[in-house]
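Hi,

Here is the structure I promised to pass on. Have a look first, and my notes follow below.

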Amino acid sequence: MMNLFKLTAISAAFVMSTQTYAESLAITNATVYTAAQQGVLKDATVVIENGNIVAVNPSEVSADTIIDAEDKILTPGFIGSLNGLGLVEVSAVADSRDGGDKKATMTFDPSLAFNPRSSLIPYARKGGITSNVIAPYGGDDIFAGLASLVSLSGEFDSVTRQGVALYVKLGAKHEGSRALSLQTLIDTLEKHSERDEDDDKSKGKEVEILDAVFAKEIPLVIDVSRASDMLELLKVKARFDVDMVFAGAQDAVLITEQLADSDTPVVISAMDNLPGSFDSMHAHLENAAKLEQAGVTVILTIAGDSAHNLYQLRFDAGNAVSYGMTAQGALAAITSNVASAFNLDVGQIAPGKPADLVLWSADPFEFSTRIEKVWINGTEVSTQSRHDKLRERYTTDSEMPRAYTK
């Protein structure tokens with residue numbers, strides 16, 4: 001009898017959880033920024049079911065829950081890129097840094113140490129970030145390791161896809177020549193292209209990774225800034241027929257035609273305005289706009305301590321707009337362009353896409369705009385961060401002694 005009761009209880013719980021998950025949601029009367037071919041849709045409806053978008057502007061609306069957006073703006077969840085969110089808690093504390101290792105090679109996968117309960121993740125969500133491409137900073141090898149896609153849901157299964165790119169560090173060196181680093185990359189690709197595919201002894205993790213690169217399943221993300229280095233890399237890209245993404249790329253404005261013709265995306269900070277080295281002499285606030293106007297696929301990221309400052313990605317995008325980038329281009333640079341460069345199934349409001357959505361009170365690139373609601377995989381998530389909790393703790397009257405008062 002006890003076993004039967006347990007089975008019945010488990011079955012009932014499963015049915016209830018299935019019903020809860022299967023509940024459909026419709027967001028109506030929204031100004032929808034699709035980041036897709038449809039562009040901006042006025043007075044539009046988005047229907048969600050089982051964590052996915054099932055319809056945009058259907059002729060009839062039928063859902064278990066209907067939310068009237070009251071003409072507010074609905075966008076795809078923003079995508080952070082190439083940072084250590086969830087791999088570091090306090091940059092100055094070595095024990096909390098897991099994004100790199102001196103011995104790291106191309107097989108290094110920092111997503112194994114990803115912490116979905118990092119206090120930095122809810123703070124990033126407050127900026128409309130729903131997913132993120134985490135990247136290693138590597139070690140002594142030019143191959144820093146593998147980048148991965150993670151969800152900012154806060155759940156323990158947040159690593160959505162491992163190994164979405166192979167991260168490579170090139171350019172200026174404190175010791176030695178950049179030429180040797182580039183030659184190492186060329187030699188590695190050449191050796192792989194010439195290997196005997198039928199030789200089982202040659203197979204291993206590195207071979208699997210390079211197979212994915214040569215099959216264009218994942219790109220080579222190359223941290224590089226100088227224009228002459230990028231031009232050499234474009235020759236390598238053409239020779240081996242692989243996909244590349246340039247990260248940093250402060251001097252990319254010097255070779256816009258070559259980048260556009262070769263369909264090579266660049267990941268830049270919209271706020272880079274001063275050269276940090278002799279490799280980045282052309283850093284400027286107008287670079288994102290110039291690259292967009294030249295037909296280059298632009299991805300915006302946060303420079304510096306990006307894991308702690310990913311929240312401000314929308315403000316950086318707004319600054320890019322103020323310096324000439326189109327609003328739709330800036331939106332694509334933190335949504336669909338990221339998805340396209342890394343072969344991800346997120347970043348657009350379209351049927352079949354995961355329901356990662358953000359409802360805004362107004363233009364998301366305006367400083368005064370606030371988030372109304374956030375959904376990740378169709379489930380509404382909190383926008384409360386540790387900062388909010390601390391503010392409430394130290395400003396709310398209670399029987400406890402007041403803290404930090406004069």
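Let me start with the face of α5 that is turned away from its buried side: Lys-235, Ala-238 and Arg-239 sit there and are exposed (over 50% relative accessible area; buried is under 20% and partly exposed in between, with a 1.4 Å probe and protein chains only).

Before going on, please note that this is a predicted model, with local features needing pLDDT of at least 70 and side-chain atom pairs counting only at pLDDT 80 or more, while totals for chains, interfaces and linings use all residues. Residues are numbered from 1 along each chain as its sequence is written, and side-chain values use heavy atoms, leaving out hydrogens and water.

Helices (H or I, at least four residues) and strands (E, at least two) are DSSP runs, numbered from the N terminus. Helix α5 covers residues 227–240. Its buried residues are Ala-227, Asp-229, Met-230, Leu-233, Leu-234, Val-236, Lys-237 and Phe-240. They lie on the same side of α5, because they cover an arc of only 160° around the axis (taken from the directions from the helix axis to the C-beta atoms). That buried set packs against α3, α4, β10, β11 and α6, where contact means heavy atoms within 4.5 Å. After α5 comes Asp-241, with a positive phi near 55°.

Beyond four places in sequence, its contacts include Phe-78, Gly-80, Leu-149 and Val-346. Ser-81 is 50 residues away from Ser-131 in sequence, yet their C-alpha atoms are 8.9 Å apart.

Best wishes

Key. The expected span of a helix is 1.5 Å times one less than its number of residues.
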